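Colleague: I have just opened my first structure file, and I would like to learn how to read it. Could you take me through it step by step?

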Amino acid sequence: MIVDIPTAADFYAAGLKQVHLAWQIAMQSLRDYDDATYYKLAYETPEEATADFWRRSQPLLANAYSLIQHGMELALKGRIAAVTPYLLIGDPKDWPNNAANGTASFGEFRTLDAVDLVKVHNSVIAPPLDNDFKVFWDQVRRDRNRIMHSAEPGTFTPAEVVKTILTAVDVLFHDIPWPRRLLQMEYESKFASLGFVDDAQNNVLFEIGSAIRQLTPAEAKRFFGFDNDLRGYVCPYCYFAANRDWQDEWPHLAQFTTKTPGATSLYCFVCERTTEVERAACLDEACKGDAIAEGICLTCTRLQ
Ligand SMILES: [Zn+2]
Ligand SMILES: [Zn+2]
């Protein structure tokens, strides 16, 4: 008898953890870079120094990349397990003998190779994963094999890692929007157990703001519905939900829902809220802000 059989939900949760860990690594690298260069902005960080910083970050970024592959593999296995977990353990010729004579734990079985997962998925699940995903998955697998089996795995940029995570999330972990997931993860993080959740909104705003800077306009639209051609504003809900003790600069991620001049409905994809704002010039003449809510300018956050 085969025992300890993981459920589809077990696979999904384990896969999500890997992908989230990859996200944390990528975001920490971007934050480290921002922090390290912040005070040097006046002198401008030379290009070689930036290149060197990312060269030295390769072990971390390669690790993040491997985690994404592993997370995707688990998610695919989870989908197959929802049909039947026995599909995952392949040919009975390879099964351990104790399965028939006594008990064998699922973990003792050799499971399907990553290379076969999409084929098996598409043979038993509708709708099938499309060709774009197949090409993407093959690439991620090959890159990950390069990391595992070669001393020179190539170069991973933070942009590649971020895009790969978001593409994986878009196809395999899309049951809730990624920003909402990040907020949940923050509120359930190890720091939360010690009572530190004050910075949850700050962290997610920072992460999404940094991620968008790594994306092309088309990708920002696809993954977050963010339009690079439109002006962005500080979301008043996110601002007041955040810890304002230490942060001066706020990502401008909220946008008007229509392009009509004088539009007043401002939508934020991070908190998924729409705010009705007043269209008026900011009292600070140096600021070009033209949207006010909750007593602050949504461009410079100064009190009005
Ligand atoms: Zn918001
Ligand atoms: Zn202003």
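This is a predicted model: local features need pLDDT of at least 70, side-chain atom pairs count only at pLDDT 80 or more; totals for chains, interfaces and linings use all residues.

Colleague: How many helices and strands does the protein chain have?

Modeller: Helices (H or I, at least four residues) and strands (E, at least two) are DSSP runs, numbered from the N terminus. Here the protein chain has 12 helices and 7 strands. Its C-alpha atoms fill a box of roughly 80 × 45 × 40 Å along the principal axes.

Colleague: What share of the residues counts as buried?

Modeller: Buried means under 20% relative accessible area, exposed over 50%, and partly exposed in between, using a 1.4 Å probe and protein chains only. Of the 304 residues in the protein chain, 46% are buried by that rule.

Colleague: Which residues of helix H11 are buried?

Modeller: H11 covers residues 217-224, and its buried residues are Glu 219, Ala 220, Phe 223 and Phe 224. Looking down the axis of H11, these residues fall within an arc of 100°, so they line one face of the helix. The arc is that of the directions from the helix axis to the C-beta atoms. Pro 217 and Ala 218, on the other side of H11, are exposed.

Colleague: What do the buried residues of H11 pack against?

Modeller: For packing we look at contacts, meaning heavy atoms within 4.5 Å. The buried residues of H11 pack against H7, helix H8 (178-187) and helix H10 (200-214). After H11 comes Gly 225, with a positive phi near 70°.

Colleague: Let us look into H7. Is Thr 164 buried or exposed?

Modeller: Thr 164 sits in helix H7 (residues 158-172), and it is buried because its relative accessible area is 8%. Leaving out residues up to four places away in sequence, Thr 164 touches Tyr 65, Ile 68, Phe 136 and Val 140. A polar atom of its side chain also lies 2.6 Å from the backbone oxygen of Glu 160.

Colleague: Now the strands. In what order do they form the open sheet?

Modeller: Strands of a sheet pair through backbone hydrogen bonds, either parallel or antiparallel. Two strands count as paired if DSSP finds at least two bridges between them. In this model, 3 strands make an open sheet in the order E3-E4-E5, with antiparallel pairing. Strand E3 (255-256) and E5 are at the edges with a single partner strand each, so one side of each has no neighbour in the sheet.

Colleague: How many bridges join E4 and E5?

Modeller: Strand E4 (residues 265-268) and strand E5 (residues 273-276) pair over 4 bridges. Leu 266 has Thr 275 in E5 as its bridge partner, and Tyr 267 stands opposite Thr 274. E4 and E5 form a hairpin with 4 residues between them, and Glu 272 in the turn has a positive phi of about 60°.

Colleague: Which residues coordinate the zinc ion (ligand 1)?

Modeller: Donors are N, O and S atoms within 2.8 Å of the metal (3.2 Å for Na, K and Ca), and sites may look incomplete as water is not among the atoms. The zinc ion (ligand 1) is coordinated by the SG atoms of Cys 235, Cys 238, Cys 268 and Cys 271, at 2.3 Å. In sequence, these donor residues are spaced C-x2-C-x29-C-x2-C. Both Cys 235 and Cys 238 are buried.

Colleague: Why is the arrangement around the zinc ion (ligand 1) called tetrahedral?

Modeller: Four donors count as tetrahedral if all angles lie between 85 and 135 degrees. The 4 donor atoms around the zinc ion (ligand 1) subtend angles of 104 to 117°, which makes the arrangement tetrahedral.

Colleague: And what are the protein donors of the zinc ion (ligand 2)?

Modeller: They are the SG atoms of Cys 282, Cys 287, Cys 297 and Cys 300, lying 2.2 to 2.4 Å from the zinc ion (ligand 2). Cys 287 lies in the loop between E5 and strand E6 (292-293) and Cys 297 in strand E7 (residues 296-297), so the pair ties together parts 10 residues apart in sequence. Angles of 106 to 114° make the arrangement around the zinc ion (ligand 2) tetrahedral.

Terms used: Residues are numbered from 1 along each chain as its sequence is written. Chains are lettered from A and ligands numbered from 1 in the order in which they are written. Side-chain values use heavy atoms; hydrogens and water are left out. A polar contact is a pair of N or O atoms within 3.5 Å; within protein, one must be able to donate a hydrogen and the other to accept it, and residues adjacent in sequence count only if both atoms are side-chain atoms. Four donors count as tetrahedral if all angles lie between 85 and 135 degrees; four count as square planar and six as octahedral if opposite donors are over 155 degrees apart and all others between 65 and 115; anything else is irregular.
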